[in-house]
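Let's take a walk through this structure together. Keep the 3D view open and follow along.

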Amino acid sequence: LIIMRIIVDAFGGDNAPLEVLRGCAMAVKEYGVDIIACGSEKIIREVCQKNRIPLDRISITDVEKVIPVEVDPTEVVKSYDDCTMAVGMKMLASGEGDAFVSAGSTGAIVVGASLFVKRIKGIKRAALATVIPSQDGCYMLLDEASVTGTANIIMAAVMAKGFTTIYNAACEPYIQQLCLMLNRMGARISGIASNLLTIEGARELHGTEHTLLPDMIEVGSFIGLAAMTRSELTIRNVSFENLGIIPAQFARMGIRFEQRGDDIHIPQQDHYSIETFLDGSIMTIADAPWPGLTPDLLSVFLVVATQAKGSVLIHQKMFESRLFFVDKLIDMGAQIILCDPHRATVIGHDHQMRLRATRMTSPDIRAGVALLIAAMSAEGTSTIQNIEQIDRGYKDIDGRLNALGARIERLEECL
């Protein structure tokens with residue numbers, strides 16, 4: 001499949017709407033918050049359904065989606081990461097603790113070491129905090145910079161008495177926009193975009209207006225798609241300043257691009273060569289907490305490397321089992337050595353040999369889109385099952401790719 005001279009928009013992803021919708025649910029019920037999100041109607045509707053936000057409260061215009069939120073925080077969210085995020089909102093609403101959160105005698109927020117969320121594909125750490133109570137609130141040193149854990153603590157602390165300090169806090173754009181929105185609602189959060197947040201408790205929150213950022217994972221996925229299919233692609237409205245290290249990491253893979261205002265243009269490339277270190281050893285692409293490379297894009301880098309010139313070591317440091325989809329790529333003809341659950345070495349074909357079509361199952365949202373990119377560049381017709389995982393993070397992915405020239409058919413039952 002060759003896609004030529006195509007322009008696409010980057011939409012808000014699954015994380016950003018979740019963060020701001022949960023933040024909105026914190027506002028006192030008399031107010032209500034309007035969120036204006038460009039695109040991503042399907043994702044926002046799904047988020048509202050999961051979080052029991054009435055769909056009849058949603059009005060949609062041609063371009064912007066306006067969502068007034070007036071819900072009981074104790075009734076919000078029941079699945080996936082949502083169950084962790086509800087902890088802070090529940091405490092805010094009730095003033096009482098539960099199995100994970102309790103209120104200290106000084107008004108501090110105490111997060112227990114057992115705050116974990118059990119997900120379908122394993123256990124994801126939400127927030128493991130070391131808490132040192134003080135007279136004005138509490139000091140929290142997080143064991144790891146968890147996005148979900150940081151957001152949960154922020155929402156629990158924003159209306160607590162006194163000051164709460166979070167050290168080693170996550171500082172991804174998702175957290176930054178949550179903090180900025182809460183500040184406009186009346187919260188007092190300082191240190192935004194750093195790993196040290198100081199939160200002074202507020203008496204109440206009020207309404208505001210917030211525009212979601214485009215999803216950096218979707219932007220990176222489209223860059224990888226252009227490289228794998230040797231296509232010319234323009235991605236519009238990417239919020240380039242919020243992409244962090246992502247463009248530079250694709251440049252290390254030999255993928256050329258140029259910034260045009262707030263758009264990214266990827267020219268057609270027949271070949272792209274992976275850089276090496278100064279001593280000639282193979283390049284390593286590894287994830288790290290923000291502003292490092294997001295782990296959600298490593299699967300895209302891995303599949304892109306299968307058709308690059310040269311070799312690369314993909315090192316998934318932050319999560320386990322994220323590389324176990326490589327057997328599907330090997331079945332398609334990719335040259336990959338799975339060193340251990342965290343590392344895989346990829347020897348690129350340099351587009352000298354196309355991948356073969358096959359039948360595969362998407363194990364998770366990120367591996368799923370990598371398999372989709374592989375299938376689009378492969379020779380023949382591939383079948384991908386469990387596509388609900390892909391739908392969680394990519395709005396109308398088949399319709400949008402078909403508009404670019406792909407040939408994707410969604411089946412009710414897989415034969």
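Start with the cysteines: the count of disulfides (pairs of cysteine sulfur atoms within 2.5 Å) comes to zero. Cys 171 has 9% relative accessibility, so it counts as buried, while Cys 339, at 39%, counts as partly exposed. Those words have cut-offs: buried is under 20% relative accessible area, exposed is over 50%, and partly exposed is in between, using a 1.4 Å probe and protein chains only.

A quick word on what you're looking at: this is a predicted model, where local features need pLDDT of at least 70 and side-chain atom pairs count only at pLDDT 80 or more, while totals for chains, interfaces and linings use all residues. Residues are numbered from 1 along each chain as its sequence is written, and side-chain values use heavy atoms, with hydrogens and water left out.

Now find strand E13, residues 196–200. Strands (E, at least two residues) and helices (H or I, at least four) are DSSP runs, numbered from the N terminus. Strands pair if DSSP finds at least two bridges between them. E13 pairs in the antiparallel sense with E11 (residues 163–167) over five bridges, and there Leu 197 is the bridge partner of Ile 166. E13 also pairs in the antiparallel sense with E12 (residues 188–190), over three bridges, with Thr 198 as the partner of Ser 190. Five residues sit between the strands in the hairpin of E12 and E13, where Gly 191 takes a positive phi near 85°.

Next comes helix H6, residues 216–228. It's mostly covered, with 13 of its 13 residues buried. Just after H6, Arg 230 takes a positive phi of about 50°.

Finally, look for aromatic pairs: rings of Phe, Tyr and Trp (its six-membered ring) with centres within 6.5 Å, called stacked with planes under 30 degrees apart, edge-to-face over 60 and tilted for the rest. The count comes to one. Phe 250 and Phe 301 are stacked, 4.2 Å centre to centre with 20° between the planes. Phe 250 lies in helix H7 (residues 246–252) and Phe 301 in helix H8 (residues 298–305), so the pair ties together parts that are 51 residues apart in sequence. Both Phe 250 and Phe 301 are buried.

How values were computed:
Expected span 1.5 Å × (residues − 1).
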